[in-house]
Structure formats: structure tokens, C-alpha cells
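Me: I'd like to learn how to read a structure, starting with the ligand. Could you walk me through it?

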Amino acid sequence: MSTKKVVVGMSGGVDSSVSAYLLKEQGYDVVGLFMKNWEEDDTDTYCSAAADLADARAVCEKIGIELKTINFAAEYWDRVFENFLSEYSAGRTPNPDILCNKEIKFKAFLDYAMEDLEADYIATGHYVQRTFDEKPKLLRGTDPNKDQSYFLYTLSHEQIGKSLFPVGDIIKPKVREIASKLGLVTAAKKDSTGICFIGEKRFNEFLSRFIPAKGGDIVTVDGEVIGKHDGLMYHTLGQRKGLRIGGRKDGSDEPWYVVDKDLEHNVLIVAQGHNHPRLMSKALIATNLCFTNREPLKAGRYTVKTRYRQPDIPCYAEQTGDDQIKVVFDHDVAAVTPGQSAVLYNGEECLGGGIIEQRLQNI
Ligand SMILES: Nc1ncnc2c1ncn2[C@@H]1O[C@H](COP(=O)(O)OP(=O)(O)OP(=O)(O)O)[C@@H](O)[C@H]1O
């Protein structure tokens, strides 16, 4: 049997480093590919691409594989970033990492690896697993703290069949141990957080370069003005920190949460307590559906996540339109946020999902 060729997405992080090593150990012909998705200009300060590329190079050298680079900045801008900006402008909270997986890693990158580099598979350091039961299916990663199936729900059977996830059945501490034994520079590198190309910390400043911020009032659910916000786009449902609402003489000490955004009047609506009724939803409507089998959803009982790292919520879900599902939760759920994704599971299998269009507070 001829050796199969795998192109591994090298991010300069520990998960992809160990993935590349494991594939080499398993006897594949392994090539690393580092993508640049963001043009460096004055946003350099936000983007760690140059340092990440240097780390990816050092790792590839150490494990003895070639590293190639590719620039998908134009594709990223057109297919991910413009949507990200329009979602924020519409007062929603998008998840660009999900769109990046859909449009870049498992489309532009996959096509390039298959067609130009003549690969048999691509691989990434995502914590997910595959199973073959008639068709390739996506399963949660073994490490419950790291499972990344939420981010990969848009993949089809075909894309899953062409992708390898070498660390999906390993727990993260073990991945770090392997990297450290090999002496890889990425062994103790911090996990990346926030959107692909920018850390969480400077996010607001970054966003303000693209969307003009317009300050307005912070108002209680009873209509009392109790503060000022510096732009609705900087706030998301369920947010507690950063509201700068001072203690109030007559009020309770419970913390304040964002429970709604009134885009028309540029008002941020807040209430006290993490389970205030205005924060809770009984159901949601999702659109932009992507199910692994690319078929309409069969009505039935599933579990759902409305954001990453949320414990699964038992639910009943059904297709309510060509590109629309309704998901009814078994119990009220806090901070269901338009723009985030609702991802459905059947046990360990990630079936797919859609983008939350609307939360329903009554059914
Ligand atoms: N710039 C990039 N070039 C190539 N592949 C990438 C790049 N960024 C991410 N990937 C791939 O996508 C996977 C998941 O990326 P993510 O940004 O979620 O990082 P992570 O889970 O912290 O993994 P890692 O430790 O490898 O950075 C990576 O393991 C890698 O295979």
C-alpha cells in the first residue's frame, strides 16, 4: 500500500505540533501548512502571526517535516470577516471561528491541500473524533474540557472523511506531556483564545477600527437610566463584567447583567441576577443550517449547546422551514444569544446545527 499524504494545519500551537508528530509516527507522509489569514499592516500589534510561524517552523524542523505557507487573507476577509462585521453591526454576537472552520480550514485549505498538494487527508489539532458508521461522523473529543465539536458542526460527511484529528482521543495534559518530552517550543504555549487572529483583550479597540461606536444609555427593565454604554456592539447578552454600574443606595447587591439590546434606540437593557426572567429562554429559532448529512433534521429529542463549553441541554428539535429549526429546551436557558450557534448532539455524535436567529421567551 502506498504511503498516504497528510497536510497538517500548523498554527504554531501545541495541539497541531503534537498532531503532526503523531501522524509521522503513524507512518503518514506529513507536510505542514501554515495559513496566513490576516494581512499585516498596522494591526500587527494585534496579530501574533509572525511569532506563530516561527514556532511552527521550529516544530517542523524538530520532527523532520516540511512546512509550507499559504495566504488566505483575501478569502478570510470576504468569507469570514465581512460577515463578522455585518453581524456585529446588526447587534448580534457572531462566532467567526465557526465560520473560519467552515469557509477556510475545511474549504479553502482542504481544497488547496487536496488539489494543489495532492494530499489524501488534511489534519488539524482540534479535539474531536470521527466514527465510521456507514458514513464518516463527527464525535466529541475525549477530553471533556477541550471538546471542540461545537466549532466543527458545519462539516459534512465528506469533509469529515477527508480530515484527521490526531489529538481527539487524547486529553490535553497528555498532549502537553508529549510535546514537552519531544522538547517542542510549543509545549508550554498558552491556548489561543478569542477570534482566529486577535486575542480577547484588545478586542473592543480592534472592533472600533471597523465599526464606529455610538454611546448610549444603560436602562433597567423598568426603564430607569442607570448608566452609559460606549457602543452596543461591545456588549453581549448575559454579560456581567465591564458595565460600570455603580452600587445603588436602594437596590440589592446582586450583579447586573445585559438582558437585551434595543438597537433602534441604541439602548442596553440590564437586570439584576444571573437568572432574571428577561435573560431566560424556553426555545430558539436557528437558520443557516448545516447538518452533517445535509438533510432536513428529523424531529425528535436531542441535546443542544447554545454556546461553547455549555453543558448539554436536553431538548426537542424540529425543522420548521426550509432553512429553519426550532429547539425547545427541557428547562429555561440563560443568555441564548443571536449570532451564536445552536449545535445538536445525539449522545456523543455532533449532528450539526445552525445560527441562532431568535430566542423565544414564551412558547
Ligand atoms: N494559522 C494556521 N495555519 C494552519 N492551521 C491552523 C492555523 N490556525 C489554526 N490551525 C489549525 O486549526 C486547529 C485549531 O485551531 P485553534 O485556533 O482552535 O487552536 P488550538 O485549539 O489552540 O490548537 P493549536 O494548539 O494547534 O493552536 C489547529 O490545531 C491547527 O491544526
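Me: Which polar backbone atom lies 3.2 Å from a nitrogen atom of the ligand?

Reply: A polar contact is a pair of N or O atoms within 3.5 Å; within protein, one must be able to donate a hydrogen and the other to accept it, and residues adjacent in sequence count only if both atoms are side-chain atoms. Here that backbone atom belongs to methionine 10. An oxygen atom of the ligand also sits 2.9 Å from a polar backbone atom of aspartate 15. This is a predicted model: local features need pLDDT of at least 70, side-chain atom pairs count only at pLDDT 80 or more, and totals for chains, interfaces and linings use all residues. Residues are numbered from 1 along each chain as its sequence is written, and side-chain values use heavy atoms, with hydrogens and water left out.

Me: How many residues surround the ligand?

Reply: A residue is near a molecule if one of its heavy atoms lies within 4 Å of it. By that rule 16 residues surround this ligand, and Gly9 and Ser11 are among the closest.

Me: What is the strand order in the open sheet?

Reply: Strands of a sheet pair through backbone hydrogen bonds, either parallel or antiparallel. Strands are DSSP runs (E, at least two residues), numbered from the N terminus, and two of them pair if DSSP finds at least two bridges between them. In this case the order is β3-β2-β1-β4-β7, with parallel pairing. At the edges are β3 (66-71) and β7 (163-164), each pairing on one side only. Strand β1 (residues 5-9) is joined to β4 (residues 121-123) by 3 bridges, and valine 7 has isoleucine 122 as its bridge partner in β4.

Methods: Helices (H or I, at least four residues) and strands (E, at least two) are DSSP runs, numbered from the N terminus.
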